[in-house]
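Have a look at the sequence and the model, and then we'll start with a question.

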Amino acid sequence: MSETNFRTETDADGIVLVTWDMPSRSMNVLTAEAITELGEILDRTTADEAVKGVVVTSGKNAFSGGADLTMLEGIGKLARQEAVKSGAEAAAKLVFDESRKLSQLYRRIETCGKPWAVAVNGVCLGGAFELALACHYRVASDDPKTRLGLPEVKVGLFPGAGGTQRIARMMPASDALQMLLKGDQLRTDRAKAMRLIDEVVPRDQMVEAAKTWIRNGGSAVKPWDQDGFKLPGGPVWSKGGFMTWPAANAIYRRETFGNYPGARAILKVVFEGLQLPMDRALTVESRYFAHILQSKEAAAMIRSLFVSMQELGKGARRPKDVPPSSIKKVGVVGAGFMGAGIAYVSALAGLEVVLVDRDQAAADKGKEHSHKLMTGQIMKGRAKTADRDALLARIEATPDYQKLGDCDLVIEAVFEDPKVKAEVIGKVEAVIDKDVIFGSNTSTLPISGLAASSERADQFIGIHFFSPVEKMLLVEIILGKETGDKALAVAMDYVRAIKKTPIVVNDTRGFYANRCVGAYLLEGHLMLDEGVPPAMIENTAKMAGMPVGPLSLTDEVAVDLALKILKAAEAQAGPDAINERQKELLVTLVEKEGRLGRKNGKGFYDYPEGGKKKLWPGLKDLQPVSRDADSIDVAELKHRFLATQALEAVRTVAEGVVTDVREADVGAIIGFGFAPFTGGPLSWIDGMGTKAFLALVKELEAKHGPRFAAPKLLEEMAAKDETFYGRFPPEAREKEAA
Ligand code: NAD
């Protein structure tokens with residue numbers, strides 16, 4: 001008998017090798033069909049007396065990325081239909097029954113009486129790693145790409161197929177909680193040290209190693225199914241438990257501010273589960289899992305951080321009729337802060353790079369950045385000296401524009417000055433081939449304006465990175481008025497090659513991300529002006545779900561740069577385009593106090609050398625009034641932070657700057673950390689309903705002024721009770737591009 005997704009072969013010793021190899025998929029995933037088939041294999045091998053044991057491995061380069069999250073999304077949809085048909089209780093039962101199938105299958109494997117071993121190569125994550133944990137022996141290949149982990153918490157869930165219970169019985173609860181709450185992917189050396197893996201061997205020996213363990217009489221009974229089993233960290237109600245649980249709760253609150261029900265469920269499931277025998281503990285895990293699966297947060301996070309992110313990463317917005325471009329060599333002009341980073345990420349992706357600056361020393365300095373970053377990787381054991389040498393050999397630092405002659409794409413990151421950019425565009429176009437695409441990394445200058453200096457405006461496009469380039473996943477691709485499809489396709493192919501996520505936006509001041517960030521910073525600055533204690537501003541922003549407070553973020557960006565951008569906006573669009581109170585605050589900080597931000601060690605914060613940063617005590621002297629923290633409505637501050645960004649996102653949709661709701665949401669989370677548990681600003685609005693959001697911003701407008709005025713689009717949608725994902729379904733956008 002053979003299944004569609006698995007091949008089985010039995011050797012002379014009666015050991016069945018199960019090779020997971022799903023047809024027409026590059027990566028194995030746990031689909032409903034795969035789960036059923038694995039169940040059939042389990043029944044067959046258990047019933048067959050000749051079978052001595054089972055080894056599961058993968059026929060692909062990687063083991064598996066885990067459960068098909070769209071299948072989990074599907075359970076949610078089924079439940080909603082069931083709720084309408086038969087009521088909430090029936091719907092809850094359906095989710096519980098459906099979502100625990102994998103958990104039940106794994107428990108059956110664990111208790112089938114025959115030894116199951118797993119041989120893992122490449123990534124083995126989520127539900128796939130839970131399969132490995134359910135097996136009785138785990139062998140991993142020493143391939144550096146091998147990664148094991150339970151990243152479910154990152155999409156608002158937690159491991160629901162026994163992962164929480166097995167992990168918490170294999171290591172002390174405090175370590176298990178860390179692993180589950182962080183969702184990190186472990187390399188084999190760490191996994192082995194944590195005893196999550198029994199053996200690490202070369203790839204071509206892993207199946208044999210697993211079989212040898214079976215042949216040598218490997219036990220098919222897990223420690224927790226044997227009498228006298230003791231939890232590694234001691235029982236919950238013990239001295240060790242008292243050290244663990246109160247602290248765990250506090251750390252959870254500090255890290256999440258209670259915004260992530262999935263993370264909270266991990267604490268509860270482990271706490272309750274460890275007080276029960278395994279089967280009962282798994283039922284507890286399943287109950288919480290069914291509950292979390294139906295949460296607004298999990299639905300929003302799965303959609304934005306998994307489904308949409310994957311679709312955008314695969315080039316959902318790429319013009320389909322342009323053939324794939326083969327980019328081998330990239331030119332980067334301007335080897336400063338950004339150019340050096342762009343050169344690094346390009347070379348890291350295996351591309352050849354020509355890095356040009358005004359003189360050799362400046363170009364070399366840019367290349368030195370790659371040396372520094374790679375050295376950091378070597379120190380952390382993530383790269384070898386040979387990797388650094390190879391990467392540096394791919395970067396040619398030079399002041400000579402002629403060297404750009406054979407580049408497939410050129411990106412400029414020179415000074416933010418239209419005259420300098422125009423000169424550079426001319427010099428580059430004089431040497432590159434006629435059909436080579438030119439990208440600008442400008443953060444504030446309109447692309448159409450810069451394209452006027454180009455002889456080939458249809459080949460001119462914005463490729464806007466965020467700093468630090470090596471860390472930030474988002475790249476905004478900006479279409480000028482005349483930008484053609486080929487430029488868009490090449491820019492997207494390039495962004496994909498360097499493993500970042502592109503969003504495509506139309507040309508406007510601030511494009512997308514910086515408009516929303518600008519609104520966030522403004523809100524923080526105005527709160528300061530209103531007399532809200534600075535620490536309260538920073539903390540409530542984090543409570544709202546933002547990773548960095550607005551004052552701290554201004555320091556990172558640089559206070560003088562924020563002022564420069566404000567002044568430029570005022571000069572171009574008039575006094576109404578800016579907020580006078582904000583300008584006064586920034587002028588005082590920069591021009592009177594010389595506080596430029598982190599870069600000169602003083603901004604909204606003081607940065608003592610070698611010490612921790614602290615809010616500058618002088619801030620209270622800049623506040624015209626000071627208010628008592630207890631008299632301030634924290635919920636309102638939180639709403640202001642999120643609502644001002646979400647409103648700006650709505651405006652960009654209304655103005656046609658952003659044309660795909662997925663891009664607004666994904667771009668906001670990975671570009672500036674918009675509260676990930678919401679799934680992004682538009683998902684946040686959809687989650688509460690456009691009617692409720694309109695009511696919220698109207699209230700804020702009445703209290704805080706016209707910056708909270710709702711765009712017409714929102715009024716219209718609220719009147720019809722429409723959602724953003726309902727009115728602008730992403731599939732429609734894809735059909736349009738096709
Ligand atoms: P930077 O001052 O650090 O670097 C600019 C580099 O360009 C310098 O090394 C300079 O020597 C070089 N340069 C100037 N004129 C040149 C010429 N004619 N030929 C070759 N090289 C020349 O500036 P940066 O922060 O890296 O910013 C560069 C661009 O990136 C700007 O357009 C900026 O708006 C944009 N940007 C910056 C950030 C940021 O966070 N700094 C973020 C996104 C985009």
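Is the crossing of α20 and α21 left-handed or right-handed? Before settling that, keep in mind that what you're looking at is a predicted model. Now find helix α20, residues 513–530, and helix α21, residues 534–543. Their axes sit 9 Å apart, and the two helices pack at an angle of about 150°. Angles over 145 degrees count as roughly antiparallel, so α20 and α21 are roughly antiparallel to each other. As for the question, α20 and α21 make a right-handed crossing.

Helix α15 covers residues 360–379 and helix α16 covers residues 385–393. Here the packing angle is about 165°, with the axes 9 Å apart. Because of that angle, α15 is roughly antiparallel to α16. The way α15 passes α16 is a right-handed crossing.

A third pair is set up in another way. Look for helix α6 (residues 163–170) and helix α11 (residues 261–273), which pack at an angle of about 60° with their axes 10 Å apart. That angle is why α6 counts as oblique to α11. The crossing of α6 and α11 is right-handed.

Now on to the ligand. Which residues come nearest to it? There are 22 residues around the ligand, and those that come nearest are Met338, Asp357, Glu416, Lys421 and Ser443. Sorted by class, this shell has 11 nonpolar, 7 polar and 4 charged residues.

Let's zoom in on some individual contacts. In the side chain of Lys421, a polar atom lies 2.5 Å from an oxygen atom of the ligand. Asp357 has a side-chain N or O atom 2.6 Å from an oxygen atom of the ligand. Taken as a whole, the ligand has 830 Å² of accessible area on its own, and the protein covers 81% of that.

Which elements give two or more residues to the shell around the ligand? They are α14 (337–348), α17 (418–429) and β17 (460–465). Of the shell, the largest share comes from α17, with 3 residues.

If you follow the chain on from β17, you get to a loop that runs between β17 and β18 (474–479), and Pro468 lies in it. What kind of peptide bond joins Ser467 and Pro468? The bond is cis, with omega at about -5°.

One more backbone detail is worth a stop. Go back to the loop between β2 (15–20) and β3 (29–30), where you'll find Ser24. Phi of Ser24 is near 50°, which is a positive value in a residue other than glycine.

Terms used. Residues are numbered from 1 along each chain as its sequence is written. This is a predicted model: local features need pLDDT of at least 70, side-chain atom pairs count only at pLDDT 80 or more; totals for chains, interfaces and linings use all residues. Side-chain values use heavy atoms; hydrogens and water are left out. A residue is near a molecule or strand if one of its heavy atoms lies within 4 Å of it. A polar contact is a pair of N or O atoms within 3.5 Å; within protein, one must be able to donate a hydrogen and the other to accept it, and residues adjacent in sequence count only if both atoms are side-chain atoms. Accessible areas come from the Shrake-Rupley method with a 1.4 Å probe; for residues, only the protein chains shown count as cover. Helices (H or I, at least four residues) and strands (E, at least two) are DSSP runs, numbered from the N terminus. Ala, Val, Leu, Ile, Met, Phe, Trp, Tyr, Cys and Pro count as nonpolar, Asp, Glu, Lys and Arg as charged, and the others, Gly among them, as polar. Axes are lines fitted to C-alpha atoms, for helices over the stretch in contact, and angles run from 0 to 180 degrees between N-to-C directions. Angles under 35 degrees count as roughly parallel, over 145 as roughly antiparallel, 65 to 115 as roughly perpendicular and the rest as oblique. A crossing is left-handed if the near helix is turned anticlockwise from the far one by less than a right angle, and right-handed if clockwise.
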